[in-house]
Amino acid sequence: MCGIIGYIGDKKASDILISGLSHLEYRGYDSAGIALCYNGTTNVYKAQGKLINLSEVLKTKQEICDVATKGIGHIRWATHGLPTTTNAHPHTCNCKNFTLVHNGIIENYQELKEELVNCGCIFQSQTDTEVAAHLIAHEYGKTKDLLSAMQSAVKKIKGAFAFCAIHNNEPDKIVVAKRNAPLIIGVGEGENFIASDIPAIIEYTKKAIYLSDYQVGVIKKDSIKIYDENNTLITNKIEHLPFEAMAISKMGYKHFMLKEIHEQGDVVRNVLSGKLISPEHQIQLNEFKLTSEKIKNISRIQIIACGTSLHAGMAGKYIIEKFANIPVDVEASSEYIYRDTIADKNTLVIGISQSGETADTITAIKQVKAQNSHIAIITNRADSTMARLADSLLPVNAGIEVSVAATKSYMAQLISLYLLAMYLSEQKNITKYETDIKNLKQELIELPNKIETLLTNTANIREIAKKYSSYKDFIFIARGINFPSALEGALKLKEISYINATGYGAGELKHGPIAMLDENMPVLAILNTGIVYDKVLSNCEEAKARQAKLIGVTDYLADKDKDLFNDLILIPSISDLISPALNIVVLQLLAYYIAEYLGKDVDQPRNLAKSVTVE
Ligand code: M6R
């Protein structure tokens, strides 16, 4: 979603702003802009589309780019108004002295706009951000002080925001504020940075201050002052940023998505490290803060998440119910928040989020926190807003995921849920699953090698991708623990190739979707040796009888059944219980190669954002 960068120091601000924005590109955006300050004036440059368009504009403005050492920048993911140059940030007040970039949504922008129009403000764009720009400038008119103007303006604003603001009368500073949208201040020597996410500044500094909600900061090149909502000067801790600049390089792969798919063996090793020592040892989950007594009292579990994280949660339900013997409900956060939910002190709520910044999940977690439930957060960003809401923080440490399509973070979430399920079972002393759990541990230890074996033999998947890339629709079917794999495989395909793909429980096919089957509808079936194998095979027969093209993903198929399938993808032998972790690699690769063959923008698919910070 939108991204913010700011710089104040002695270096060329334009270079730092453009480089910072380029590291936020992965978040998804549709226009970009920067404001450069020099000698008491501010110059705003904007462009629709990719950052390269803005860079082209800047090539004709070298005289300013060469001298400006302060500036703010933004990439916009349209919420209010089309993705045009006019609607791109930065936005200014009418006299152009005040300039603002903003992430988030101003909910009361219409009523504020009416008041500002009555005061004589003239609006250029359809954005809610321009309302905030006029509002802060209007407050500045009263106080002639940017800090207090920001402080009084934010009190009038409803909604979510991260603001980065400058005024020509106060050339030595950038003023920032935030509520329900992330903002960090990168600490340098004789220079400071502002960003909505770490990758934007990691090549310049590893030290940062996290701004909290309702705080306002005044950033100069050699000082950072933070004020709380009572205007008291406070000291926020300087934290060490968790990433290396190298982690945001493609390392020779054509796309980040392909690189991230290939990292999954190591991701599994990372998640298991220190937690799964051997099949004979109990799972170590020190981050989980409930005592075994309290674990025994858990009467239900609610998993709340969105998109890919939701699919991980759905697989988690199978594993937790199987081993921990606790009923699990899984729900999309966006649905959870607008009904009366029932949770209490004996409910364990698990929020799952790659980014830790998904607005729907944050709102759901805040809502349920008020009901005294224990909140466990499974996230790839231990520095995120959601992580800070956790009673038990279970970081998955998959490393930064740049491609919008989640791959390695799904793997990490899945493995964390296997660990959590076994941990809960062991803490409850459920002995009847001891052997199953021991076998699962052994399989988890072997999993990274199996993933890597699969990843070294992708020629067949590439061939199949090419063969099916011209189809307009796709159906994915599976049953049991692989039903979420079918949903996730379909999501991956539609996200990056724009092919209409839907996942179904294979048993549901005959209750409606079968009407769509003919020779133009490929059906991908996931079937692993296990309890639902024969059932899925029968569902495949039903599809074949309707002339659907059948692709099978399986670790075993009897010779007699092979003719049923037009194409087969064989994975290393694996138990049904842990097969989602191998099947998903196949489905990620299939989606990737189809999108790549179609020439799509794999890492930044249209209309999508990496972290969805609006409800
Ligand atoms: O950061 P989160 O895991 O909370 O994000 C949730 C979804 O927005 C995300 O999984 C989305 O579905 C991805 N684009 C999937 O590839």
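Entry 1: I began with the open sheet of 5 strands, whose order is 22-21-23-24-25 and whose pairing is parallel. Two strands count as paired if DSSP finds at least two bridges between them; strands (E, at least two residues) and helices (H or I, at least four) are DSSP runs, numbered from the N terminus. Strand 22 (500-505) and strand 25 (567-570) are the edges, each pairing on one side only. From one strand to the next the twist averages 20 degrees.

A note on the source: this is a predicted model, where local features need pLDDT of at least 70 and side-chain atom pairs count only at pLDDT 80 or more, while totals for chains, interfaces and linings use all residues. Residues are numbered from 1 along each chain as its sequence is written, and side-chain values use heavy atoms, with hydrogens and water left out.

Entry 2: I looked at strand 24 (residues 549-554), which is joined to strand 25 by 4 bridges and runs parallel to it. Here Val-553 stands opposite Ile-569 of strand 25.

**Entry 3: helices on the sheet.** Next I checked what packs here, with contact meaning heavy atoms within 4.5 Å. Helix 20 touches strand 21, strand 23, strand 24 and strand 25, and its direction makes about 160 degrees with that of strand 23. Helix 17 (residues 483-497) lies across strand 21 (473-478), strand 22 and strand 23 (522-527), at about 175 degrees to strand 22. Axes are lines fitted to C-alpha atoms, for helices over the stretch in contact, and angles run from 0 to 180 degrees between N-to-C directions.

**Entry 4: helix 15 meets helix 20.** How do the axes of helix 15 and helix 20 cross? I found that helix 15 (residues 434-455) and helix 20 (residues 580-597) have axes that come within 10 Å and cross at roughly 25 degrees. That makes the two helices roughly parallel (angles under 35 degrees). Helix 15 contributes Leu-447, Lys-450, Ile-451, Leu-454 and Leu-455 to the contact, and helix 20 contributes Ala-581, Leu-582, Val-585, Val-586 and Leu-589. I sorted the contact residues into 9 nonpolar, no polar and 1 charged (Ala, Val, Leu, Ile, Met, Phe, Trp, Tyr, Cys and Pro count as nonpolar, Asp, Glu, Lys and Arg as charged, the others, Gly among them, as polar).

**Entry 5: an antiparallel group.** I then turned to strand 11 (residues 207-210), which is antiparallel to strand 9 (residues 184-187) and joined to it by 3 bridges. Gly-186 stands opposite Ala-208 there. Another 3 bridges join strand 11 to strand 15 (residues 238-240), also antiparallel, and Lys-207 has His-240 as its bridge partner.

Terms used
Angles under 35 degrees count as roughly parallel, over 145 as roughly antiparallel, 65 to 115 as roughly perpendicular and the rest as oblique.
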